[in-house]
Amino acid sequence: MLKTFTKTPHLKPVTKWVGGKRQLLKELTALLPAEYNRYFEPFVGGGALLFDLAPQTAVINDLNPELMNLYQVIKDTPDQLIACLEQHQLHNSKDYYLELRSADRDGRIDQFSMVERAARFVYMLKVDFNGIYRVNSKGQFNVPYGRYVHPKIADRENIITVHQFFKEQQITLLNSDFATACETATAHDLVYFDPPYIPLTETANFTSYTKDGFGMADQLRLRDLFFDLKQRGVQVMLSNSDTPVTRKLYQSATIHTVSASRAINSVGSKRGKVGEVIITSYDHS
Ligand SMILES: C[S@@+](CC[C@H](N)C(=O)[O-])C[C@H]1O[C@@H](n2cnc3c(N)ncnc32)[C@H](O)[C@@H]1O
């Protein structure tokens with residue numbers, strides 16, 4: 001059975017992330033298989049379940065290059081990252097934020113080191129409106145400055161804790177498509193998929209994309225991969241919105257309805273409740 005990381009049990013996400021799973025942790029952990037070898041999380045985002053489980057061997061992946069750059073920097077050079085964040089903490093203001101934000105508009109970002117890019121990314125998510133990551137069609141960050149009174153920008157303790165976890169355990173970091181991230185999964189491994197959700201209003205023929213550019217073709221690729229992994233003896237768990245489309249796609253798997261619905265829209269005024277499902281390739285008793 002997989003042992004968990006025990007030296008520093010208080011791992012928590014480094015950044016807020018839309019779709020973060022902290023509120024669903026209880027339901028997710030209750031549905032984990034009793035035993036598994038390696039842990040794979042191909043849509044890791046803020047990594048709520050990863051940090052809660054703190055597995056000894058894991059492959060984590062996200063298509064977002066800024067996010068995976070951050071994890072790489074935490075693994076390799078945490079002290080430099082903290083020093084850079086302390087500078088942002090010192091200078092934090094709306095003007096300072098807007099100036100740093102514009103680095104992807106005037107090309108300055110191309111000259112940034114990995115550490116500078118990671119620190120800009122963390123800083124912006126700590127102080128921007130609702131902690132959202134959003135870029136326009138040109139890939140330029142466009143979220144306004146938020147209204148936090150004392151945002152904790154340089155969280156040294158947590159960065160060092162996550163660094164130790166990445167270094168002392170076997171954590172592989174990838175920045176690719178979810179399918180590539182699963183290529184090495186074998187029998188008895190566990191894969192947890194938390195994809196961009198199927199929109200609630202769409203029909204089975206939907207063609208629109210979520211803001212992550214994740215459309216029906218991707219949902220179908222994911223469904224096929226889910227059953228392919230199952231065939232290979234891999235244990236698979238997946239979360240998604242509770243829609244007729246989701247239920248149809250996964251009708252031959254085990255679908256668990258999450259009873260407590262939660263807010264998914266990060267824009268406060270549009271906050272709505274949505275049902276979610278957790279789908280497993282295995283029976284859970
Ligand atoms: C719902 S979020 C995951 C939230 C995460 N479980 C957490 O607790 O923060 C979905 C993630 O999928 C990523 N993503 C979108 N398309 C992807 C793809 N084709 N392959 C891998 N990751 C992708 C997004 O960048 C985003 O971080």
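Predicted model: local features only at pLDDT ≥ 70, side-chain atom pairs only at ≥ 80, totals over all residues.

A: **The ligand shell and the helix packing**

The ligand is surrounded by 21 residues, and the closest are Gly 19, Phe 43, Gly 45, Gly 46 and Ala 48. Sorted by class, this shell holds nine nonpolar, six polar and six charged residues. The protein chain has a mean pLDDT of 89, with 87% of its residues at 70 or more. Over residues 265–271, however, the pLDDT falls below 50, and this stretch has eight contacts in the model beyond near neighbours in sequence.

We turn now to the packing of helix α4. This helix covers residues 78–91 and packs with helix α6, residues 114–127, at an angle of about 50°, the two axes being 9 Å apart. The crossing of α4 past α6 is right-handed. On the α4 side, the contact involves Gln 80, Leu 81, Cys 84, Leu 85 and His 88, while α6 contributes Val 115, Glu 116, Ala 118, Ala 119, Val 122 and Tyr 123. Eight residues of this contact are nonpolar, two are polar and one is charged.

Helix α4 also has a contact with helix α7. The axes of α4 and α7, the latter spanning residues 156–168, come within 10 Å and cross at roughly 160°. An angle over 145 degrees counts as roughly antiparallel, and α4 is therefore roughly antiparallel to α7. Their crossing is right-handed. Here Pro 78, Leu 81 and Ile 82 of α4 meet Arg 156, Ile 159, Ile 160 and His 163 of α7. By class, this contact has five nonpolar residues, one polar and one charged.

Helix α6, in turn, packs with helix α3, residues 65–76, at an angle of about 115° and with the axes 9 Å apart. The crossing of α3 past α6 is left-handed. From α3 come Glu 66, Asn 69, Leu 70, Gln 72 and Val 73, and from α6 come Met 114, Val 115, Arg 117, Ala 118, Phe 121 and Val 122. Seven of these contact residues are nonpolar, two are polar and two are charged.

Definitions and conventions
Residues numbered from 1 in each chain as written. Near = placed C-beta within 6 Å. Nonpolar A, V, L, I, M, F, W, Y, C, P; charged D, E, K, R; others polar. Axes fitted to C-alpha atoms, helices over the stretch in contact; angles between N-to-C directions. Helix = DSSP H or I, 4+ residues; strand = E, 2+ residues; numbered from the N terminus. Left-handed = near helix turned anticlockwise from the far one by under 90°. Contact = placed C-beta atoms within 7 Å. pLDDT = per-residue confidence, 0-100. Parallel < 35°, antiparallel > 145°, perpendicular 65-115°, else oblique.
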